[in-house]
2 protein chains.
Amino acid sequence: MSTISEHRTIRRYSGRDIAPELLSRLLEEAGRTQTMGNLQLYSVVVTRSAEGKAALSPLHFAQPMVTEAAVVLTVCADFRRTSRWAECRRATPGYDNALSCLNAMTDALLYTQTLSIVAEREGLGVCFLGTTIYQPLSIIKALRLPRLVFPVATLTMGWPAEEPPLSDRLPVGAYVHEEVYHDPTEADIDAYYGAKEALEVNREFVRINGKETLAQVFTDLRYTRKDNEAMSRTLIEALRHQGFIE
Amino acid sequence: MSTISEHRTIRRYSGRDIAPELLSRLLEEAGRTQTMGNLQLYSVVVTRSAEGKAALSPLHFAQPMVTEAAVVLTVCADFRRTSRWAECRRATPGYDNALSCLNAMTDALLYTQTLSIVAEREGLGVCFLGTTIYQPLSIIKALRLPRLVFPVATLTMGWPAEEPPLSDRLPVGAYVHEEVYHDPTEADIDAYYGAKEALEVNREFVRINGKETLAQVFTDLRYTRKDNEAMSRTLIEALRHQGFIE
């Protein structure tokens, strides 16, 4: 299982297809993932067609992975199938609420990570698109997701055409707390982020963006309050549209 | 990586400890998990002490795994550390909103699943406690989680003292959709759930609960509208308390 310690995001793919049998086997294997009450509160929409990828592309801000990957997999929190099951069995479902939404999102995200790991084990390259929750209503329309189905993760997947270096990670002490949470002091922050900030690639990143610190690149350019607040509104609107909140 | 296809939840543990070095190595290895902007928007609180486990136990409805496992790991969505980093670097964070909350929850849940997989690879047994989001405010207090930190998953972990059978799963066609979502017909529901409903363990489960169908056990007893709606209110209250929503 060295694939886990060698994980890198793959954004460039060869033109080679993924055999449907292989993909189906991986989608099935990932179905072993732990799940609430063994209900498997997720669905995966597989986009293979050029038309389907072209339709999704602008919804992911035209990142080239969407059209260049062999397949695009949209993993959705899904309480629709379980609710349909109940309705077909003289049972009355009650899953149109925030708790059920988070339960299904949890199942979907755990599934997504297992799927990524088994795909990488086969030599496939995967890129997780965080843009899925930026314009969820457009994705909901494109994939015709019914009520109680919500897209939470997109993986682009294909045979790798690049071998990027391993990216850095924080020291384990930055995110592990013994017994209770220990709020980081300024000295802790220096210890946790110093190595990252010293990397030449990150220093260059600060320079080309005309900023003073790496953190400013994140707060002022990559993930700004203005964008976050605007997308929070569209996220909540989409959750309401899908019937998960009032 | 046969561990993935052989996953089973382990609820009974031997009294044997998990060496801190092993646990630390697994927590670090899981840190390779894909993460938004390489920010690692999660934290893990490790509960090893008997006092800590005793304090968590009622918050997980006294499920015996909490006190019997070698360690209890509470994985949290965490925008606090990143925000502290920004504040220490003349940057102004803007992550007190719903989108950032879901971003951090996503990171935390992907991390949780990798951690489960690497632990199982070592022969450890893991149980995912869905109860984490049932009474989040109590867990927040017990673990002293500050603003912008939210518990999303708890794993109990220890050396297995049982080898339960593999549980059933839905056929892959139940959760995979080609190109667009295909709403299940009544015939689809029969095909997806028929094998599950026919299992002797599930027929027994229906009988002892005095219900007509397996789905009714879920809707009327295990995950009821009344409970879901009450816990949705406490979930939203906790999200507000932690500063993620207004």
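**Close-up views of a predicted two-chain model**

**View 1. Strand β2 of chain B and its partners.** In β2(B), B:Thr74 is the bridge partner of B:Val45. The model shown here and in the following views is predicted. Strand β1 (residues 42–47) of chain B runs antiparallel to β2(B), and six bridges join the two. β2(B) also pairs with strand β4 (residues 149–158) of chain B, in the antiparallel sense and over eight bridges. Within that pairing, B:Val149 of β4(B) is the bridge partner of B:Asp78.

**View 2. Burial of β2(B).** Strand β2 (residues 71–78) of chain B has eight of its eight residues buried, so it is largely enclosed by the rest of the structure. Both faces of the strand are covered. One side carries B:Val71, B:Leu73, B:Val75 and B:Ala77, and the other carries B:Val72, B:Thr74, B:Cys76 and B:Asp78, all of them buried.

View 3. Five strands are arranged in the order β3(A)-β4(A)-β2(A)-β1(A)-β5(B), with mixed pairing. The edges are formed by β3 (125–129) of chain A and β5 (176–178) of chain B; each has a single partner strand, so one side of each is left without a neighbour in the sheet. On average, and with direction ignored, neighbouring strands of this sheet are turned by 25° against each other.

View 4. Strand β1 (residues 42–47) of chain A and β5(B) run parallel and are joined by three bridges. A:Val45 has B:His177 as its bridge partner in β5(B). Helix α2 (residues 20–29) of chain A lies across β1, β2 (71–78) and β4 (149–158) of chain A together with β5 of chain B. The helix runs at about 165° to β1(A).

**View 5. Helix crossing between the chains.** Helix α11 (residues 225–241) of chain A and helix α6 (residues 98–121) of chain B have axes that come within 7 Å and cross at roughly 80°. α11(A) contributes A:Asn228, A:Met231, A:Ser232, A:Leu235 and A:Ile236 to the contact, while α6(B) contributes B:Ala98, B:Leu99, B:Ser100 and B:Leu102. Sorted by class, the residues of this contact are six nonpolar, three polar and no charged.

**View 6. Relation of the two chains.** Chain A is superposed on chain B by a rotation of 180° with 0.0 Å of shift along its axis, at an RMSD of 0.0 Å. That is the relation of a two-fold axis. The same surface serves both copies, as 100% of the contact residues of chain A recur in chain B.

Definitions and conventions:
Residues are numbered from 1 along each chain as its sequence is written. Chains are lettered from A and ligands numbered from 1 in the order in which they are written. This is a predicted model: local features need pLDDT of at least 70, side-chain atom pairs count only at pLDDT 80 or more; totals for chains, interfaces and linings use all residues. Side-chain values use heavy atoms; hydrogens and water are left out. Copies are superposed by least squares on the C-alpha atoms of residues with pLDDT of at least 70 in both. Contact means heavy atoms within 4.5 Å. Buried means under 20% relative accessible area, exposed over 50%, partly exposed in between (1.4 Å probe, protein chains only). Helices (H or I, at least four residues) and strands (E, at least two) are DSSP runs, numbered from the N terminus. Two strands pair if DSSP finds at least two bridges between them. Axes are lines fitted to C-alpha atoms, for helices over the stretch in contact, and angles run from 0 to 180 degrees between N-to-C directions. Ala, Val, Leu, Ile, Met, Phe, Trp, Tyr, Cys and Pro count as nonpolar, Asp, Glu, Lys and Arg as charged, and the others, Gly among them, as polar.
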